[in-house]
Amino acid sequence: MPEIYSSLENPILNNPYEEPTRYYQTLEDGTLNYSRIMKGRRPFTDQIASVPLANKAPGMFDISESGIDYNKDINLIRNEIRKWREEQYPGTTRVTKTLLEFWFLNPDRLNEQKHFFAQREAIETAIWLNEIAEKSNVGSNILRKLKEAEVQGLPRAAFKMATGTGKTVVMASLILYHYFNRQEYRSDNRFADNFLLVAPGITIKDRLNVLIVDTQNDISQDYYYQRRLVPRSLEEQLKGLNSKLVITNYHSFEPKTLQGNKRSPFDGKLDAEGNKMEAKESFNSVVKRLLGKFKTDTRLLIINDEAHHCYMPREKGKNTEEENSKDENERAAVWFSGLVEISKRFKVRSVYDLSATPYYLNGSGYEAGALFPWVVSDFGLIEAIESGLVKIPFLPEFDNTQDLSAPKLRELYAHVKEELSKKGQRTSKKEAKQEGKKIKESPPQLPALVKNALDQFYTNYKRDFDRIGDLFHSPPVFIVVCNNTTVSKEVYKHIAGYEYEDENGNLVTVPGHLDLFNNYDKATGRLVARPPSLLIDSDALENSNQIDDSFKKIFSTEIETFKREYARIHGSGSADQITDAEILREVVNTVGKKGSLGSHIRCVVSVSMLTEGWDANTVTHIMGLRAFGSQLLCEQVAGRALRRKNYILNAKTNTFDPEYAQIIGVPFKLFKSGKETDPPPAPDYKKVDAMPERQKKYEIPFPQVLGYKEEILEDIIRADFSTLENFELDGSRLPTETVMFTAFSETRDRLSLDQVRSLRRQQIIYAITKDLLFYKFKEEDGYTRYDKFNQIKSIVEEWYDTKIHCIGDTFPQMIMYADSRQVSEHIYRGIIKGTKTSRKILPVLNHYNPIGSTKYVHGLTAKPVYETSKCHVNYVVADSVNKAEDANLWEHIAAKTLEEMKEVEAYVKNNFLGFYIPYTNMGKDKQYFPDFIARCKTPSGKAINLIIEITGANRKDKSLKKDFVTDLWLPAVNNIREKYDMPEWHYIEIANDIRDIKNQLLAKLKETNPEKNATK
């Protein structure tokens, strides 16, 4: 294949308005070689990574030379469209020819009004399929395959367009194409009478309002006028379009519950399966409510935006931390089923699907990541980058840790997920309410690596802010996408600050850690006039305290403009009903737009709301702090940073100038390609799951202990660090520098910790002292002993100067990244040594998840299993065996014994349970995972929880682990068990000989008398 060798200063290869003619060599592993540029259009294949991860030395062959079959339908359609385009669109109607010439063959058209080639190709493809395809063998074959791909008779054609390439303009053009042809050729059934546009949510639905013809303003704000899409000869006809157009989201397809006299007499009664019956409107009523202005049986064109959410799932799916496939499948079924029902009442010739990622999701019942079979055109992310339509992503390439697999900031969540809360704000609040408690605001709890990443990324952001903030008249935007609302709240508090009530009921403000994102004035403690950071998720929309009277006063002009526009679209008087949540949503939708509600926002901390449908073009930095179960999700999240700011052609290169985005924590992976081989036989996996029907009888809750503390009852506090090991700051684990790269140039960027080096010693001493007081010096009522501050501060100063040991490239100020609980624990051990006390041992529980449970067990295993009946979990997994014939030993014998003993009420094997005993060995924090927990009855009839360990003679740290259980864990937990309504905890080790397990268990229960042996 012809090629060009080059090292261009501008990594953008193609003019955005013309078909691409060059592309970077793509190696067989999916990576790009930017030093070798190939001539021609990048061939379509579904085996190329959506974003390349690294640059490699030039390879021998481009992927197009590697024997992959490129006779894909999309490549065939491209060739047919190219020939048709070169012939200037023969075979079309007069109206179609007028539109195509006006849009694409008009020399007087300004660049900013031209269609990008990505848009042009999608429009051409839709028109070719509708008017031309049936006239050729290739076209007829394509139409036949589309017919075969139909599900439940729904005729679909999907147009794959990368985020930022302008899908809304394509929608506007296709509406005009059908509408104007319909006005001219009323009996031609190829053209639609009416139009239904469906979006997945409110944000995207609101964005599509530019497709409503604006008849209210002196200068129209709709896309038909703004993008000059209507020839003068057809302008007069445009006025009637609004009566033919409905824009909605798929939620409107759900039948509503009937109220009042429309309710059924059976409403509220139980059906045969014991469920309450509710009267729902019929789908005829749904259609009347939604499409009442359209006459049934007329020709309807349906356009789906973000159409990867519309399919009929084959499986129920399951919600996991990677993806919520159960919820996604339920929503997709509502959307798809609604369209099927509509197609029974109207003549639907075509459903146009537009999406950057028209793939099947994990858990959908289809091959995960497979393209929808009705995809007819593709302009993917790599092509969009090569044509300059989106920003060029910088991704972590390597860092200076000793991690050999990948830089830590690339797969950030994988390194810290065990340290993050698994519960969202709603769950935490609900549980607190059930327990009669109120959640108190506490200092943000973030893993060291997260704080490290935020500081590195912020330093890089600040450089961009100082460089381009004034130039663009609105700040660059920094986004953090989190896994749940609790984690997003903690990140937000760390970044922007927070408020809490002290013991006297006074409101105290704590400023944010990152100055440009700080929402509080450091001098006065007040919320600043225009807070630069925004927490946005479902909880913030429902319970936000950021929209107060002062906010409304400051933004009075912008709010009035917003309400006026809202009234134009929704009718007079509707603006009076706008809620604070809608105003907040407008802030989100207008981030970075001058003169709007969100113009001042610099940082957005979110959960999943911003994965699509949000088109701010000032985003320069994205940090992912959540699981990414698919490359689809990676591309959606990264897409929030890829929308360009500037669309002016460089006169010298005839391309756009490059713009860049920094992305960490979004783990793009390569799609491997090449020769197919027979896969190895799949292991015989078993699903290990908690059984919901067993929960009431067999659930076992347990405390999630992170450490221990001893109450000090003396007034004078001293410390002795003479025998205490050093606290290590390990440069092999925390990067002090990360190199960012892009596969499209030789440029490298660096993230560093310069701002941390500048922290003053007293700032650090103050912060550590506050943490130590918070974790270790609290009264029973929960109030912190701040009267001890000066004593503790002197101790912290001694510790900071003598006990911190820096390894590698670290420096003492990096103690701020260390887990504050571990730092406090280390200092407190010195205090224990230096203070004569009467002890009371208490546990330090997991801040977010203090109580674990068997109900969270879920996993897969290839090891032998023993089926249970007296257990919340379906199987006991054997740890000490690998062959099925040995499965009658050790853990399985123990499980069989527990099943048979009448004294055992319930038990669980510690697999996928997460139950551990924290202990220390050689100055290192470790975790001990006992084998079983059993809830038993003693001879006196008292219930106890018994930890059971099955050990061999040479079990590592055997005696040390036992000492920690008996001397620390059991006393600590039993001191707080009544607070959590748990039975008393005990421990037994079944050592060396499993044959006598039953007698040993009975002896343990006999000697255990909770009334006499309660541990103090």
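Which residue is the bridge partner of isoleucine 950 in S37? It's isoleucine 990, and we'll come back to that pair in a moment. First, some ground rules: this is a predicted model, in which local features need pLDDT of at least 70 and side-chain atom pairs count only at pLDDT 80 or more, while totals for chains, interfaces and linings use all residues. Residues are numbered from 1 along each chain as its sequence is written, and side-chain values use heavy atoms, with hydrogens and water left out.

Let's start with the sheet that holds S37. It's an open sheet of 4 strands in the order S32-S35-S36-S37, and its pairing is mixed. (Strands here are DSSP runs of E, at least two residues, and helices are runs of H or I, at least four residues, both numbered from the N terminus; two strands pair if DSSP finds at least two bridges between them.) Strand S32 (904–909) and strand S37 (984–991) sit at the edges with a single partner strand each, so one side of each has no neighbour in the sheet. On average, neighbouring strands are turned by 20° against each other, direction ignored.

Now back to our isoleucines. Strand S36 (residues 943–951) runs parallel to S37, and 8 bridges join the two. Helices pack on this sheet as well. Helix H26 (residues 958–976) touches S36 and S37, and its direction makes about 165° with that of S37. Helix H27 (residues 997–1007) touches strand S35 (932–937), S36 and S37, at about 150° to the direction of S37. (Contact means heavy atoms within 4.5 Å; axes are lines fitted to C-alpha atoms, for helices over the stretch in contact, with angles from 0 to 180 degrees between N-to-C directions.)

Another open sheet has 6 strands in the order S6-S5-S7-S8-S4-S9, with parallel pairing. Its edge strands, S6 (245–249) and S9 (375–379), each pair on one side only, and the twist averages 15° from one strand to the next. Look at strand S5 (residues 194–199) and strand S7 (residues 299–305): they're joined by 5 bridges, and valine 198 stands opposite asparagine 304 in S7.

Glutamate 501 stands opposite leucine 507 in S13. The two strands form a hairpin with 5 residues between them, and glycine 505 in the turn has a positive phi of about 80°.

Last stop: arginine 785, in the loop between helix H22 (761–776) and helix H23 (789–802). Its C-alpha atom is separated by 8.1 Å from that of phenylalanine 774, 11 residues apart along the chain.
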